[in-house]
Amino acid sequence: MALTWVVIGSFLQLSFSSFLFMMATFAVGGVNNRGNLSKISSLILAASLYLLPLTSILAAGIVIYQYNHGGGASSYWWHFMPVAAAASYIIYINSLWGK
């Protein structure tokens, strides 16, 4: 693992975390305005405001940890974790939007 790519990837992950927070905020606002949400759905949406950006920060932390402990190039795959979380969130929001 090269330090340059670890720093660039970590910076991009931190930038992506603010994007995920904004995405979750606007999605929650849009779905809540429609009404008719169950209590569990409301709790999931409220938790997603914090959990989505946290996945990005966690991914950057894991890659930095792997770099410090001799991880290989396959450690870069951890940067995909927030992208997968965002895709799952978008699918969940779309399923709520249709109700």
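1. Where is the place of Ser 74? Ser 74 sits in the loop between helix 2 and helix 3. Ser 74 is exposed, at 54% relative accessibility. Exposed here means over 50%. Ser 74 and Met 1 are 73 residues apart in sequence, yet their C-alpha atoms are 8.8 Å apart in space. Note that this is a predicted model.

2. Start with the overall fold. The protein has three helices and zero strands. Along the sequence, the pattern reads α-α-α. Helix 1 covers residues 3–34 and helix 2 covers residues 39–68. Helix 3 covers residues 81–97.

3. Next, the overall dimensions. Along the principal axes, the C-alpha atoms fill a box of roughly 50 × 20 × 15 Å. The radius of gyration is 16 Å.

4. Surface and contacts come next. The accessible surface is about 6300 Å², and carbon and sulfur atoms account for 73% of that surface. Of the 99 residues, 31% are buried. Take the contacts between residues at least 6 apart in sequence: 82% of them join residues at least 24 apart.

5. Now helix 1. It has 32 residues. From first C-alpha to last, helix 1 reaches 47 Å, close to the 46 Å expected at 1.5 Å a residue. Its buried residues include Val 6, Gly 9, Ser 10, Gln 13 and Ser 17. Further along helix 1, Leu 20, Met 23, Ala 24, Ala 27, Val 28 and Val 31 are buried too. Helix 2 and helix 3 are among the elements that cover the buried residues of helix 1.

6. An α-helix has 3.6 residues a turn, so residues three or four places apart point the same way. Phe 16 is partly exposed, with a relative accessible area of 23%. Phe 19 is also partly exposed, at 43%.

7. Ser 38 lies in the loop between helix 1 and helix 2. Ser 38 counts as partly exposed, at 40% relative accessibility. Ser 38 and Val 6 are 32 residues apart in sequence. In space, their C-alpha atoms are 41 Å apart.

8. Look at one residue of helix 2. Thr 55 is found there. Is Thr 55 buried or exposed? Thr 55 is buried because its relative accessibility is 18%, and the cut-off for burial is under 20%. Setting aside neighbours within four places in sequence, Thr 55 contacts Leu 20, Met 81, Pro 82 and Ala 85. Leu 20 is one of the buried residues of helix 1. Pro 82 is one of the buried residues of helix 3.

9. Return to the loop between helix 2 and helix 3. Trp 77 is found in this loop. Trp 77 is exposed, with a relative accessible area of 66%. Trp 77 and Val 63 are 14 residues apart in sequence. From C-alpha to C-alpha, Trp 77 and Val 63 are 8.7 Å apart in space.

10. Last, helix 3. At 1.5 Å a residue, its 17 residues should span 24 Å. The end C-alpha atoms of helix 3 are 24 Å apart, which agrees. In helix 3, the buried residues are Pro 82, Ala 86, Tyr 89, Ile 93 and Leu 96. Why do these residues line one face of the helix? Seen down the axis of helix 3, the buried residues fall within an arc of 85 degrees, so they line one face. That set packs against helix 1 and helix 2. On the other side of helix 3, Ile 91 and Asn 94 are exposed.

Definitions and conventions. Residues are numbered from 1 along each chain as its sequence is written. This is a predicted model: local features need pLDDT of at least 70, side-chain atom pairs count only at pLDDT 80 or more; totals for chains, interfaces and linings use all residues. Side-chain values use heavy atoms; hydrogens and water are left out. Helices (H or I, at least four residues) and strands (E, at least two) are DSSP runs, numbered from the N terminus. The expected span of a helix is 1.5 Å times one less than its number of residues. Buried means under 20% relative accessible area, exposed over 50%, partly exposed in between (1.4 Å probe, protein chains only). The arc is that of the directions from the helix axis to the C-beta atoms. Contact means heavy atoms within 4.5 Å. The radius of gyration is taken over C-alpha atoms; the globule rule is 2.2 Å times the number of residues to the power 0.38. Accessible areas come from the Shrake-Rupley method with a 1.4 Å probe; for residues, only the protein chains shown count as cover.
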